[in-house]
Each structure stands twice: as structure tokens, then as C-alpha cells.
Amino acid sequence: MEQGLGPEEVRARVLAGQTNAAPPAPGRTVAQILRANVLTRFNAILGALFVVVVVVGPVQDALFGVVLVTNTAIGIAQEVRAKRVLDRLAVLEAPRARVRRAGTVHELPVDAVVLDDVLELRPGDQVPADGVVLAGTGLEVDEALVSGEADPVPKQPGDRVLSGSFVVAGSGQARTTAVGADAYALRLQAQARRFSLLRSELQQGTNRILRLVTWVMVPAGTALVATQLLRSHQPLADALRSSAAGVGAMVPEGLVLLTSVAFAVGALRLAGRRVLVQELAAIEGLARVDVLCIDKTGTLTEPGMRLEAVDTLPGHDPAVARDVVAAVAAADPAPNATMRALAAAAGSAAAGEGWSVTGSVPFSSARRWSAITFGGHGTWVLGAPEVVAESVPPDTADAIARHAQAGRRVLLLARSPAPVPAPPAGGPPAAGPVEPVALLVLAEHLRSDAADTVAYLVAQGVSIVVLSGDAPETVAAVARRAGVPAAGAPVDASTLATAQELGDALDRATVFGRVRPDQKLTAVELLQLAGHTVAMVGDGVNDVPALKQADLGVAMGSGSPASRAVARVVLLDSAFATMPPVLREGRRVIANITRVANLFVTKTVYAAILAVVVALAGVPFPFFPRHLTIVSTLTIGIPGFFLALAAGAPRARPGFTRAVAAFTLPAGVVAAAVTYVAYALARGAPATTATQERTAALVALFTVSLWVLVLVARPLTLAKLALVALMLVVFVALFTTGTSRRILDLELPPLPVLAVTLAVAAGGVAVLTVVLRRPAPGARRTPRRGRP
């Protein structure tokens with residue numbers, strides 16, 4: 001056996017830079033976060049307007065600059081804080097490698113591996129660097145993420161292994177031949193671990209809205225500025241302030257900031273629940289999931305198993321069967337959960353001569369059996385009964401069926417007359433003719449919180465599909481105990497030869513047994529083709545392709561490094577009960593982004609319409625910047641902050657841009673119409689001053705905008721009503737002191753004009769209430785799960 005590098009050899013390679021160190025994670029750096037939040041198109045527009053207003057004065061018209069700086073600072077602080085928390089969690093969960101040095105095995109971070117290190121490879125390990133196999137026992141590697149080869153590749157001494165591939169069976173040693181930037185690991189790790197806002201419907205919708213705003217702003221703003229300077233007959237300072245107010249109001253300054261901050265805060269909240277979000281856009285996936293694919297083992301049940309019984313078949317010695325079980329468990333160099341259960345129950349290895357291993361075929365999920373030859377005790381095969389033996393006695397078959405119906409797992413221990421053959425290059429060997437000896441009955445324990453978790457998910461409109469490699473009856477029994485709704489009889493996936501047959505089965509069933517890894521991937525793809533947003537929860541190497549394909553891959557923290565590396569979300573405590581708060585957080589974030597987007601875009605719509613109408617009429621713009629700062633702060637800024645923290649939301653549905661447009665276009669049109677009508681009536685009234693006319697327009701716009709806030713905040717709660725009432729009280733308070741009226745340029749119009757203004761605003765409120773009425777939450781029917 002290779003002894004590995006010595007301390008001096010390792011030190012020399014570190015000094016030479018021959019390490020597996022990778023550059024920092026490809027997330028946004030602090031400098032990039034600063035640039036992304038400060039150097040934006042709309043910040044540039046508002047900054048230029050701020051300079052103009054500061055020059056012409058008074059300073060109170062530049063209050064929007066304070067809001068701009070505050071919003072940007074909050075966005076930077078929240079995103080930096082989230083980055084630091086997620087970076088710390090990512091370090092805690094980073095993959096590690098087993099390296100033999102000076103004859104001792106060490107578990108090291110992957111970046112501590114150096115050139116010529118000897119790697120110890122076991123099932124579930126991700127190969128951290130390119131290397132050459134030195135020795136192996138049934139070593140098989142999944143190179144699907146590297147070369148695209150779907151089937152496990154047997155590896156013999158001298159064969160090359162690539163970083164980024166995963167060990168799926170057997171064990172072995174490999175010497176590293178390429179590390180760091182010279183290996184595949186750098187690129188794959190960058191793809192699997194990133195802190196970024198991926199392209200998503202929400203992001204695409206936001207960008208589409210911003211493009212439309214830009215197209216509208218240019219002509220509308222140009223027309224407004226020209227009118228205010230050339231046709232409004234105002235003093236130059238007033239014309240510049242009016243222009244700044246009109247153009248600045250069209251800028252949805254907080255929309256991009258809100259999206260970034262909401263995702264970052266969502267990730268931060270989930271980190272507090274021991275949930276690592278490896279891609280921020282995964283939070284959107286959390287909100288849109290309507291089908292959750294899970295495995296039985298480790299998700300509905302506790303990790304690990306327990307050997308409950310060794311039922312010897314007639315004609316065989318129970319003592320021999322127990323000795324074989326102990327020897328098989330002790331001989332496995334990289335035991336999985338089943339082997340650990342056998343070892344725990346059997347104790348030490350069988351005593352006596354003849355238990356030395358002369359050949360073996362390790363277990364793999366695709367093969368579903370393992371075999372081992374002992375020098376003096378022959379060859380033994382262990383695996384799923386229907387795979388190991390072509391037939392068993394009727395009594396044995398009945399026993400297997402009873403155990404499966406009770407939710408227990410049954411393995412068949414059989415003796416083979418022939419030695420174990422070496423796995424050929426073309427695929428695994430068949431078990432061959434065998435003599436059944438004993439049934440090994442193993443049981444899993446249902447998680448104490450599994451039933452409550454399933455009940456919550458189902459109540460939220462999430463369909464649950466169980467995909468397990470165990471017998472269908474066993475899977476169905478556990479699913480029943482957990483409360484998973486059964487849409488038909490459990491399906492034996494081994495009988496489904498084509499994707500079409502699997503798709504038909506997905507239409508009628510929710511519980512599947514004997515599912516191969518490739519079938520899990522196909523199931524996810526078929527559900528996606530049917531228009532579903534699919535989440536996949538997994539913890540094993542066999543789950544990796546499906547985790548990667550799913551809209552949201554969720555890995556258990558106790559799972560294999562392979563599953564954790566490709567998943568977008570990692571449940572660090574491996575608790576299925578974490579899914580409800582994860583789901584709630586995702587829905588909360590998306591629903592609140594949509595709410596506040598409605599507020600921002602409504603302001604953009606009414607500002608653009610007012611700019612066009614004022615430009616056509618050739619009259620002064622009805623506001624100075626300070627007036628729109630009042631409206632924005634009291635109906636968007638402050639309440640938007642609290643709405644972004646609101647709890648509870650239904651499942652997010654497609655059509656973000658359509659939903660925002662459906663609300664903001666009528667709301668903006670009504671707000672603009674009410675504002676201009678009130679302004680025109682005030683201008684037409686006798687003996688009103690310009691300040692009174694602007695105040696009348698402000699009262700009308702605030703009234704309608706406050707009602708828009710009420711409509712956005714639905715469903716209303718006592719806290720939301722109190723928030724709306726507080727904003728109204730603050731607005732009224734601005735008129736109670738001479739200082740505030742002077743600073744903010746406020747003066748109520750004569751009582752008849754004020755009454756007309758309030759009547760016009762009330763009419764706008766009534767129109768909005770009718771136009772923007774919506775069905776009660778949950779009234780929409782959830783579409784049937786299935787293929788189109």
C-alpha cells in the first residue's frame with residue numbers, strides 16, 4: 001500500500017505553489033457589491049437631478065437625495081452582511097478529501113491537497129484533483145458531470161480519474177497528477193458554488209420593466225423639461241425644480257435595490273435556520289415549487305437503519321448465516337448505511353479460519369447487489385431479493401411481501417457456487433445462479449416530524465412524489481405513515497422500460513419503488529415538461545443528476561459531498577422539517593417583492609402620465625421635489641420596508657411582469673387622472689395661489705396613493721391597518737405647524753376647493769376598488785399535476 005508524501009515533500013510542493021487552492025468563490029466581492037448598488041443608471045439620473053436642485057435651492061427640495069443615499073446604504077449593508085454569513089457557512093460545508101501521508105490517513109480541505117498526494121477514495125466522494133488510480137476494489141466512478149458519460153466507469157490501476165467526478169462504488173487509491181488551476185475541480189467548483197443572482201423570471205421581469213421605464217422616461221422627461229423652461233411661465237428656479245420633480249418621480253429607484261436586498265435578506269434568514277443557500281436565485285425557486293420529489297430513506301425516515309431479524313430459510317444453519325453477515329459487514333472498506341446496520345447488529349467479524357477476502361463486487365444503486373468470496377467459506381451475494389435470485393420458495397416470497405407491506409426492507413443473503421468475477425469493462429456481472437440462505441430484515445424509523453411536514457406541504461398546494469430504490473410496498477408503507485397522499489397504487493419502476501411509460505405512471509401515481517438513478521432524472525424532466533416547478537430532495541450520489549436537473553436541488557447536510565456540491569440549497573441539520581420554513585421564506589420574499597414592485601411602478605406610471613399631460617397643456621408641473629418626497633416616503637418607502645418583512649404568502653405563480661402591469665397601469669392612470677383633475681380645478685378656482693394649487697394636487701395624489709398601498713397590502717391585518725393609519729396621521733401632522741408648512745411649501749386651498757379635491761380623490765378610490773378587486777387568497781384552483 002502506498003504510504004503517501006512525507007512532511008518535507010508536502011512542504012516543498014506548497015512552497016512551489018503545487019496545491020489544489022482555488023481562487024475565492026465566484027460570488028460578488030465587496031467592491032462589486034458597492035459598484036452594483038452605487039453605479040446604476042437611475043442613481044446617475046437622480047444624482048444629476050440632486051445636483052441641479054442643490055444649486056437652485058432650497059435644500060428641502062433635495063430631500064430625495066437623502067432617501068437615495070439611505071436606500072443605497074441599506075442595500076449595501078444587507079448584501080455584505082448576507083455575503084459574510086453565507087461565506088462562513090460555505091466554508092463549514094466545503095468538501096473535504098482523505099489523503100494518505102506518511103502512512104496515515106488525514107481528512108483535509110480540498111485546497112490542502114498537493115501534487116502527488118495519495119487520495120483515499122470511497123463511495124460518495126468527489127475526486128478533488130486529477131489523478132491516476134494506484135489500487136482499487138470494485139472502484140467505479142460517475143463521470144457524468146465531467147465527460148457526459150451516464151454509466152459508472154470501472155477503474156483499474158493505471159486508469160485516469162478526473163476531478164469533479166464522483167465515486168459511486170468500491171474504494172481505492174489515486175495519486176494526484178494535476179491540481180488547482182490545472183485540474184477540472186476549479187471550473188466545476190465555481191459552477192457548483194456561486195453567490196449570484198441567476199437569471200430568473202423575477203429578474204427578467206424587473207429588467208423588462210426597467211427597459212420600458214427608460215423608453216418612457218426619455219421622451220416624457222424631455223417634453224416636460226422643455227415645457228417647464230419654455231411654456232410654463234415660471235421663474236427659472238421653479239421650472240428647474242418642477243422638471244426635477246417630474247423626471248425624478250419616474251425613476252423606480254428602489255426596484256432593483258429591493259430585488260437584491262430581498263434575496264440577500266432571505267438567504268440570511270434561512271442561514272439562521274441552518275439552511276445554506278448556494279445560489280440566491282434559489283429563493284425564487286422556493287416560492288414557485290409545486291412538486292417536491294423526495295426519497296424515502298433519510299427524508300421521511302431517520303438516517304441509518306436497524307437490523308431487526310435474520311430469518312434463515314429451511315435447511316440452513318442460523319449460526320452460519322450470522323457469521324456470514326458479520327464477515328460481509330466487516331470486510332466492506334467503505335460501508336454504506338445498510339452495511340453499518342449489519343455491522344452494528346452482528347458485532348465483530350466472524351472468528352476462525354477462512355474468512356479472508358479473495359474477490360468482491362461492491363454494491364451500487366444501479367446493480368442493487370454486492371458479492372464477496374471468502375477463501376474458506378465460498379461466495380456470498382447480498383441484495384434485493386428480486387435481483388439476487390430468480391425465484392424463492394413460496395413461504396419466503398410471502399414473508400418478503402409481509403415485511404415490505406409493513407414498511408421494512410428485506411435483503412436476500414444467498415450462496416453462489418462460483419467465485420466472484422471481476423467487473424468487465426462493458427458493465428457489471430450478473431449475480432448468476434445462487435442458493436437463497438436467509439432474509440435480512442431491516443427497518444427505518446419515521447422521522448418524528450415527517451407527518452407534520454408532509455401535511456403542511458400538501459396544504460400549501462405542493463404535490464409530493466416519492467422516488468425510492470426500495471420495494472414499492474415498502475416505500476408505500478412508509479409514505480402512508482408519513483401522510484403522503486396516495487394517487488393510485490405504488491409503482492414498480494423496474495417494470496417501466498421507457499420514458500413514455502414513466503410519464504404515464506407519473507400521471508396516476510405518487511409513490512415509486514425500485515427507481516434507478518436515471519429514472520429519477522427522467523421523472524424530474526417529465527414533470528418540468530408538464531409545466532411544473534420541481535424541487536428534488538436527495539442525499540446520495542445516485543441523486544446527483546436529478547438534483548442538478550431540478551429547478552431547485554435540496555441536499556441533506558449529512559449527505560454525500562457530491563449531492564451537497566450540486567444542490568442549490570443545503571439543509572445543514574439534515575432535517576426534512578426545515579422545508580416548511582424554507583418554503584415560507586421563499587414565498588414571503590417573492591410575494592413581498594411583487595407587492596413593493598407594484599408601489600414603485602405605480603409611481604412611475606402616474607409620474608410619466610402627468611409629465612406628458614403637463615407638457616401638452618403647457619402648465620407648471622404640479623409638484624416640487626419635496627412634495628413627491630412626502631408621497632414616496634409615506635406611501636412607498638416606509639410602508640414598503642415593513643411590507644417587505646410581512647409574513648405569509650401563497651405559492652408564487654408565473655407571470656411577474658403581467659401581474660405587475662395588471663395592477664400598476666390602472667392604478668397609475670387613476671392616480672394621474674385624479675391628481676391632474678384636482679390640480680386643474682384648483683387652478684381654475686378664484687383667488688388660489690400656486691402653493692395652494694400644488695397642495696391640492698398633493699392631497700389628491702396622497703389620498704389615491706395611500707389607497708393603492710391598502711390594495712397592495714391585502715390581505716389586511718391589524719398591523720397593516722395600523723401602518724396605513726400612521727402614514728395618514730404623519731401626513732396630516734405636516735399641516736399642523738407653521739414650520740413644516742413653510743419648509744415643505746404647503747398651504748391648504750380654500751374649503752370649497754379642498755372639498756372638491758377630496759371628492760375627486762374619493763372617486764378615484766372608488767374606481768380603484770372596483771378595477772383592482774381580486775379573488776380571495778387561495779380561491780384560484782391549483783392545476784392538476786401531470787403531463788399536458
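Contact here means that heavy atoms lie within 4.5 Å, and residues 24 or more positions apart account for 74% of the contacts in the protein chain with a separation of 6 or more. This is a predicted model, in which local features need pLDDT of at least 70 and side-chain atom pairs count only at pLDDT 80 or more, while totals for chains, interfaces and linings use all residues. Residues are numbered from 1 along each chain as its sequence is written, and side-chain values use heavy atoms, with hydrogens and water left out. The protein chain holds 27 helices and 21 strands, which are DSSP runs numbered from the N terminus (helices H or I, at least four residues; strands E, at least two). Of its 788 residues, 54% are buried, a term that stands for under 20% relative accessible area, against over 50% for exposed and partly exposed in between (1.4 Å probe, protein chains only).

**Nonpolar cores**

- A nonpolar core is a set of buried Ala, Val, Leu, Ile, Met, Phe, Trp, Tyr and Cys residues joined through side-chain atoms within 4.5 Å; the largest has 109 residues, of which Leu-292 and Phe-576 touch the most other members.
- The largest share of this core, 18 residues, is supplied by α21.
- A second, separate core has 25 residues, among them Leu-467, Leu-502, Ala-505 and Val-515.
- Leaving aside residues up to four places away in sequence, the contacts of Leu-292 include Leu-457, Val-462, Ile-464, Ala-535, Phe-576 and Met-579.

**Glu-585 in helix α21**

- Helix α21 spans residues 579-617 and contains Glu-585, which is buried with a relative accessible area of 8%.
- The side chains of Glu-585 and Arg-588 are joined by a polar contact of 2.5 Å; such a contact is a pair of N or O atoms within 3.5 Å, where within protein one must be able to donate a hydrogen and the other to accept it, and residues adjacent in sequence count only if both atoms are side-chain atoms.
- Beyond residues up to four places away in sequence, Glu-585 touches Gly-266, Arg-269 and Leu-270.

- Six strands form an open antiparallel sheet in the order β10-β15-β14-β13-β12-β11, where two strands pair if DSSP finds at least two bridges between them.
- The edge strands, β10 and β11 (357-361), each pair on one side only.
- Strands β10 and β15 are joined in the antiparallel sense over six bridges, and Ala-309 stands opposite Val-441 in β15.
- Helix α14 (residues 394-405) lies across β10, β14 and β15 and runs at about 15° to β15, with axes taken as lines fitted to C-alpha atoms, for helices over the stretch in contact, and angles running from 0 to 180 degrees between N-to-C directions.
- The buried residues of helix α11 include Ala-321, Val-324, Val-325 and Val-328, and what covers the buried residues of α11 includes β10, β12, β13, β14 and β15 as well as α12 (337-346).
- At the start of α11, a side-chain oxygen of Asp-317 comes to within 3.0 Å of the backbone nitrogen of Ala-319.

**The β1-β2 hairpin**

- Strand β1 (residues 96-101) and strand β2 (residues 104-109) run antiparallel and are joined by six bridges, with Ala-97 opposite Leu-108 in β2.
- Two residues lie between the strands of this hairpin, in which Ala-102 takes a positive phi near 55°.
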